[in-house]
Amino acid sequence: NEWDSNLKYQRRVDENGFRMVVPQGGYLLKIEAEGYETYTLEIEMDEPRTDLGLIRMLSTAEAAAKVEKNRSRAAR
């Protein structure tokens, strides 16, 4: 929560994925894992339940290839 870094929340990881229960408000979701590009998303939780869907993280190699591909397209 961008306004209260001391906010407590619940989280669970199981075969269905990662789930968090947080109060309504504005958040900066940041997911980091070694070997992967950091994923960030600003979200406003204004509904009791919000499903962000599947989030696919790119490996650092995939991210670099994507940047290079975009540079090649822009140069054309």
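**Setting values against cut-offs**

Trainee: Why is Arg56 called exposed?

Mentor: Its relative accessible area is 56%. Exposed means over 50%, buried means under 20%, and partly exposed lies in between (1.4 Å probe, protein chains only). So Arg56, at 56%, counts as exposed.

Trainee: What kind of model is this?

Mentor: It is a predicted model, where local features need pLDDT of at least 70, side-chain atom pairs count only at pLDDT 80 or more, and totals for chains, interfaces and linings use all residues. Residues are numbered from 1 along each chain as its sequence is written, and side-chain values use heavy atoms, with hydrogens and water left out.

Trainee: What makes Glu62 and Arg56 a salt bridge?

Mentor: The closest N and O atoms are 3.0 Å apart. A salt bridge needs a side-chain nitrogen of Lys or Arg within 4 Å of a carboxyl oxygen of Asp or Glu. The pair of Glu62 and Arg56 meets that cut-off, so the name applies.

Trainee: Is Glu62 buried, exposed or partly exposed, and why?

Mentor: Glu62 has 33% relative accessibility, so it counts as partly exposed.

Trainee: How many salt bridges does the structure hold?

Mentor: There are 3. One of them joins Glu32 and Lys30, N to O at 3.9 Å. That is within 4 Å, so this pair counts too. Glu32 has 55% relative accessibility, so it is exposed.

Trainee: Which residue does Glu68 meet in a salt bridge?

Mentor: Arg71, again with 3.9 Å from N to O. Both residues sit in helix 1 (residues 60-75), 3 residues apart, which is about one turn of the helix. Glu68 is partly exposed because its relative accessibility is 43%. Arg71 is exposed because its value is 54%.

Trainee: How do you know what counts as a helix or a strand?

Mentor: Both are DSSP runs, numbered from the N terminus: helices are H or I with at least four residues, strands are E with at least two. This chain has 1 helix and 4 strands. Their order from the N terminus is β-β-β-β-α.

Trainee: Why is Ser59 called buried?

Mentor: Ser59 has 18% relative accessibility, so it counts as buried. Ser59 lies in the loop between strand 4 (39-45) and helix 1. Leaving out residues up to four places away in sequence, Ser59 touches Gly35, Tyr36 and Glu37. Contact here means heavy atoms within 4.5 Å. Of the chain's 76 residues, 13% count as buried.

Trainee: What makes a nonpolar patch?

Mentor: Patch residues have over 30% relative accessible area and no salt bridge; nonpolar side chains (Val, Leu, Ile, Met, Phe, Trp, Tyr) are joined within 5 Å, like charges within 9 Å.

Trainee: Which residues form a nonpolar patch on the surface?

Mentor: Val13, Phe18 and Met20, with about 320 Å² of accessible area together. Phe18 belongs to strand 2 (residues 17-21). Such areas come from the Shrake-Rupley method with a 1.4 Å probe; for residues, only the protein chains shown count as cover. The chain exposes about 6900 Å², with 47% supplied by carbon and sulfur atoms.
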